[in-house]
Amino acid sequence: MAEKKEIKTIGVLTSGGDAPGMNAAIRAVVRRGLARGVKMKGILKGYDGLLNEEIIDMSAKDVSDTIERGGTILGTARCAEMRTEEGQKKAVENCRKHGIDGLIVIGGDGSFAGAQKLANLGINCIGIPGTIDLDIACTEYTIGFDTAVNTAMEAIDKVRDTSTSHERCSIIEVMGRNAGYIALWCGIANGAEDILIPEKYDYDEQKLVDNIIESRKRGKKHHIIINAEGIGHSASMARRIEAATGVETRATILGHMQRGGSPTCKDRVYASTMGCLAVDLLLEGKNKRVVGYQNGEFQDFDINEALAMHKGISEYQYEIARSLSQNYKK
Ligand code: ADP
Ligand code: F6P
């Protein structure tokens with residue numbers, strides 16, 4: 001068995017899209033590490049900051065007044081150089097130069113792929129799932145999803161008010177990259193008439209047109225269609241639907257407002273727990289792990305296995321979303 005390496009300094013970075021709750025995770029990592037006698041360093045702007053040596057010492061006070069704040073105090077970036085072998089070697093050299101022998105990466109699958117490469121080159125790495133998209137297979141929870149769906153849900157309620165007043169159809173596009181979780185959850189929470197998600201969409205617009213015409217006949221004053229970003233094209237879809245139904249149709253793209261704002265209680269608590277767990281794992285001598293939440297428990301998974309897992313949409317949840325809409329037919 002490989003000899004256990006004693007961790008003296010832990011670095012933490014956030015990478016990819018920011019997510020509400022990332023600050024709670026950073027705070028937990030820093031304070032847990034310090035409490036356990038480790039020196040803590042913050043790496044600014046994700047892998048970019050690691051390659052450019054934007055690395056700072058972190059004290060317990062540096063993370064005061066951050067748990068309630070959206071975004072990430074460390075900053076984040078998408079860094080093309082980190083995808084190259086030269087970039088990965090430089091990242092390892094910079095870790096060594098700054099005495100970082102354990103690295104905690106808060107981000108999505110892309111960020112974990114970076115951590116996997118660094119771990120292969122000898123830096124002990126642990127990943128924490130941070131993305132509003134919920135698209136990480138080894139975990140039922142990712143930092144930021146809860147806040148983002150609540151933000152989107154409130155915005156959709158508002159669009160619905162005006163949509164009803166004008167007796168319009170509204171297509172509301174939510175984020176999620178190639179995954180439909182935000183759309184599916186909002187579809188259920190907002191009682192949408194139709195939910196379009198990449199995992200299920202068959203590009204049959206005639207079904208939508210028929211649905212709208214039928215619900216008008218029944219006297220419905222609004223028709224909310226939640227469209228996932230992975231399908232997109234909401235504006236042109238709205239024009240086609242208006243032409244085919246005669247019902248005034250508007251498209252609203254919620255965009256980056258879904259990624260901001262103060263994190264919910266759940267995001268603060270889960271992110272804090274995952275932050276502590278990541279430090280504990282490193283100090284137990286674990287490496288190349290990803291923290292996750294499954295079946296009511298916080299767990300950790302091998303990073304290679306985690307990245308190889310496939311996440312599908314819940315068929316049952318999709319079916320109930322449709323069955324709760326009045327237009328649903330078997
Ligand atoms: P997320 O982490 O949310 O999935 P990205 O896919 O944009 O977001 O990845 C974030 C960053 O992780 C990228 O900008 C890049 O620096 C790094 N990264 C992504 N994929 C790889 C890879 N295959 N190898 C090394 N680094 C990667
Ligand atoms: O991964 C989070 C996310 O907000 C996705 O939902 C979206 O596709 C993407 O990031 C947007 O990225 P950017 O901020 O680079 O426009």
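Y203 is exposed, with a relative accessible area of 58% (exposed means over 50%, buried under 20%, and partly exposed in between, with a 1.4 Å probe and protein chains only). The model is a predicted one, in which local features need pLDDT of at least 70 and side-chain atom pairs pLDDT 80 or more, while totals for chains, interfaces and linings use all residues, and side-chain values rest on heavy atoms without hydrogens or water. Residues are numbered from 1 along each chain as written, with chains lettered from A and ligands numbered from 1 in written order.

Y203 is placed in the loop between β7 (194–196) and α7 (helices, H or I, are DSSP runs of at least four residues and strands, E, of at least two, numbered from the N terminus). Although Y203 is not a glycine, its phi is positive, at about 60°. A positive phi, near 55°, is also found at D65, again a residue other than glycine. D65 belongs to the loop between β3 (55–57) and α3 (85–97), and with 60% relative accessibility D65 counts as exposed.

## Helix α7

Helix α7 spans residues 205–217 and includes I212, which is buried, with a relative accessible area of 0%. Between I212 and L277 there are 65 residues of sequence separation, and their C-alpha atoms are 49 Å apart in space.

E205 is found in helix α7 too, and is buried with a relative accessible area of 19%. The side chain of E205 makes a polar contact of 2.6 Å with the side chain of R240 (a pair of N or O atoms within 3.5 Å; within protein, one must be able to donate a hydrogen and the other to accept it, and sequence neighbours count only if both atoms are side-chain atoms).

## The surroundings of ligand 1

Around ligand 1 there are 16 residues, of which the closest are R78, C79, G108, G110 and S111 (a residue is near if one of its heavy atoms lies within 4 Å). Helix α4 (residues 109–120) gives the most to this shell, contributing six residues. By residue class, the shell of ligand 1 divides into four nonpolar, seven polar and five charged residues (Ala, Val, Leu, Ile, Met, Phe, Trp, Tyr, Cys and Pro are nonpolar, Asp, Glu, Lys and Arg charged, and the others, Gly among them, polar).

Oxygen atoms of ligand 1 are approached from both backbone and side chain: a backbone N or O atom of C79 lies 2.6 Å from one oxygen atom, and an N or O atom in the side chain of S111 is 2.5 Å from an oxygen atom. R83 places a polar side-chain atom 3.2 Å from a nitrogen atom of ligand 1. The protein buries 87% of the 550 Å² that ligand 1 exposes when taken alone (accessible areas come from the Shrake-Rupley method with a 1.4 Å probe; for residues, only the protein chains shown count as cover).

## The surroundings of ligand 2

Ligand 2 is surrounded by R78, T131, I132, D133, M175, G176, R177, E229, H256 and R259. These shell residues divide into two nonpolar, three polar and five charged.

A polar side-chain atom of D133 lies 2.7 Å from an oxygen atom of the ligand, an N or O atom in the side chain of E229 is 2.8 Å from an oxygen atom, and for R78 the corresponding distance from a polar side-chain atom is 2.9 Å. Of the 400 Å² of accessible area that ligand 2 has on its own, the protein covers 76%.
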